[in-house]
Amino acid sequence: MTKRLLIVEDDPGLQSQMRWCFSSDLEVDVAADRATALASLRRNEPQVVTLDLGLPPDPGGASEGFALLDDILRLSPMVKVIVVTGREDKENAVKAIGMGASDFYQKPLDPDILTFVVNRAFRLAELERENQELASRQNGTNIKGIIAASPEMLSVCRTLEKVAPTDVTTLITGETGTGKELLARALHDLSHRSNQPFAAINCAAIPENLLESELFGYEKGAFTGATQSKKGKIESANGGTLFLDEIGDMPMSLQAKLLRFLQERSVDRVGGIKPVEVDVRVVCATHRDTRRLIDAGEFREDLYYRISEITLDVPALRERRGDPLLVARSLLQSLARQMDRPALSFSDDAVRAINGYNWPGNVREMINKVKRATIMAEGKRITAADLELSGDGETGENQLNLRQVREAAERNAITQALKTTGFNMAQASRLLGVTRPTLYNLTDKYRIDTSAEPVQV
């Protein structure tokens with residue numbers, strides 16, 4: 001990829017000096033004012049811009065430079081802008097960084113410092129591009145709305161892809177906020193019924209005395225207020241998919257009628273005398289432990305076996321190794337675009353906090369925290385404080401979670417051993433007291449790069 005630099009400077013002498021600072025493998029464009037700079041930005045798409053704040057018609061001030069900085073970051077949020085200031089002009093440099101500039105240097109011109117700062121900006125731009133490509137490759141599922149790279153979640157997705165083309169009745173279990181409805185919709189979208197209705201009903205959200213008529217429909221005059229016949233959710237889904245969310249909360253009085261529907265594939269409307277045949281694929285979900293409900297006499301065992309021909313057990317976000325940060329970055333990208341703040345990214349303390357937090361509310365909680373942070377963040381970096389998380393990546397719950405403590409200790413020990421031995425796997429395995437195959441397995445598990453020490457920027 002060709003490296004391209006845009007120099008925005010109104011002094012012809014400085015323009016020439018700055019041009020000569022850079023090697024021939026760098027494409028350099030020059031602009032002396034705001035309009036020319038924006039035209040060059042659109043035409044040439046530079047990765048890095050050096051910006052003198054003192055531009056005409058305000059060469060003695062900074063108003064035109066700040067206006068151009070705002071334009072650049074709005075039009076090309078991934079561009080790295082290096083602001084040029086006077087030696088005593090620290091206030092404007094700080095303001096520019098707060099607006100989103102990636103760096104600054106002070107006049108008078110020092111070729112070595114300028115070259116170093118510009119090369120560092122190019123390296124940062126390249127790392128961000130590689131990170132985006134890696135994130136897109138890591139999402140190993142094509143299921144709409146599901147972001148995952150962990151073996152735990154990918155296993156669920158692979159099972160779903162196999163099950164979707166069939167009409168088998170499926171039960172999706174998992175904690176609240178793990179995305180059970182997304183998976184139910186995916187089962188529908190990937191099936192031969194995808195062009196037919198998808199009807200969903202939350203069995204816990206509707207009062208017991210109304211749930212029967214909502215599910216099965218009713219005939220005119222069946223009860224007070226029934227002025228005309230109405231189809232229920234089951235009939236509305238005819239030809240498509242019926243999603244019964246929180247089926248673990250369905251009253252026992254309705255479970256027998258639902259079981260009969262699953263056996264006969266026909267419904268009896270409330271007040272009706274003639275069964276109505278229905279062709280639907282049934283998907284159910286619950287956050288409750290169905291075996292405990294059966295033991296407690298709150299859920300029919302025969303109904304359980306009817307709805308769980310295939311069971312998808314969705315892992316909690318804290319159990320999906322490596323996924324929390326992947327999901328958070330995807331959410332940030334989407335939410336920031338919606339709120340017209342596409343240049344936002346997570347700071348180092350935010351990354352530690354996301355990886356260290358237990359996420360009791362799962363993805364639903366993460367959506368709320370990232371949305372709030374997108375609104376509240378100052379500048380281009382979202383901090384742990386913006387997310388309302390602890391920046392050290394530790395919470396009281398995590399400190400008591402032995403698996404997470406053990407994994408963190410293993411990861412840190414492996415990383416330190418690799419650095420100490422210059423990334424020599426044989427020496428590192430001896431230092432850690434494990435075999436080389438074991439070390440390779442561990443580095444794969446924790447996604448630790450064993451090729452070379454990461455470049456520091």
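The following questions and answers explain how terms are applied to this predicted model.

Q: What makes the protein more spread out than a compact globule?
A: The protein has 19 helices and 14 strands; helices (H or I, at least four residues) and strands (E, at least two) are DSSP runs numbered from the N terminus. The radius of gyration is taken over C-alpha atoms, and the globule rule is 2.2 Å times the number of residues to the power 0.38. For 457 residues the rule gives 23 Å, and the value here is 30 Å, well over it, so the protein is more spread out than a compact globule. Its C-alpha atoms fill a box of roughly 95 × 65 × 40 Å along the principal axes.

Q: Why is strand 3 called largely enclosed?
A: Buried means under 20% relative accessible area, exposed means over 50%, and partly exposed lies in between (1.4 Å probe, protein chains only). In strand 3 (residues 48–52), 5 of the 5 residues are buried, so the rest of the structure largely encloses this strand. Both of its faces are covered, with Val48, Thr50 and Asp52 buried on one side and Val49 and Leu51 on the other.

Q: How do you know that strand 3 pairs with strand 1 and with strand 4?
A: Two strands pair if DSSP finds at least two bridges between them. Strand 1 (residues 3–8) and strand 3 are joined in the parallel sense by 4 bridges, and Ile7 has Thr50 as its bridge partner. Strand 3 and strand 4 (residues 80–85) are joined, also in the parallel sense, by 5 bridges, and Asp52 has Val84 as its partner.

Q: What makes the unit of strand 3, helix 3 and strand 4 right-handed?
A: A crossover is right-handed if, with the strands pointing away from the viewer, the path from the first strand over the helix to the second runs clockwise. Strand 3, helix 3 (residues 63–75) and strand 4 form a right-handed β-α-β unit.

Q: Why is the pair of Glu212 and Lys257 called a salt bridge?
A: The term requires a side-chain nitrogen of Lys or Arg within 4 Å of a carboxyl oxygen of Asp or Glu. The closest N and O atoms of Glu212 and Lys257 are 2.8 Å apart, and the pair forms a salt bridge. Glu212 lies in helix 8 (residues 208–216) and Lys257 in helix 10 (residues 252–264), so the bridge ties together parts that are 45 residues apart in sequence. Glu212, at 28% relative accessibility, counts as partly exposed, and Lys257, at 22%, is also partly exposed. By this rule the protein has 25 salt bridges.

Q: How do you know that Arg320 is buried, and which residue is its salt-bridge partner?
A: The relative accessible area of Arg320 is 4%, and therefore Arg320 is buried. Its salt-bridge partner is Asp323, at 2.9 Å from N to O, and both residues are buried. Arg320 sits in the loop between strand 12 (310–313) and helix 13 (323–338). Contact means heavy atoms within 4.5 Å. Leaving aside neighbours within four places in sequence, the contacts of Arg320 include Ile147, Met153 and Val363.

Q: What makes Phe216 a buried residue?
A: Phe216, found in helix 8, has a relative accessible area of 1% and is therefore buried. Residues that Phe216 touches, not counting those up to four places away in sequence, include Lys257, Phe261 and Val267. The C-alpha atoms of Phe216 and Val267 are separated by 6.2 Å, although the two residues are 51 apart along the chain.

Q: Which backbone features are found at Pro57, Trp359 and Asn362?
A: The peptide bond from Pro56 to Pro57 is cis, with omega near 10°, and Pro57 lies in the loop between strand 3 and helix 3. Trp359 is not a glycine, yet its phi is positive, at about 50°; its relative accessible area of 1% makes Trp359 buried. Asn362 likewise has a positive phi, near 60°, and is buried at 0%.

Definitions and conventions: Residues numbered from 1 in each chain as written. Predicted model: local features only at pLDDT ≥ 70, side-chain atom pairs only at ≥ 80, totals over all residues. Heavy atoms only, no water.
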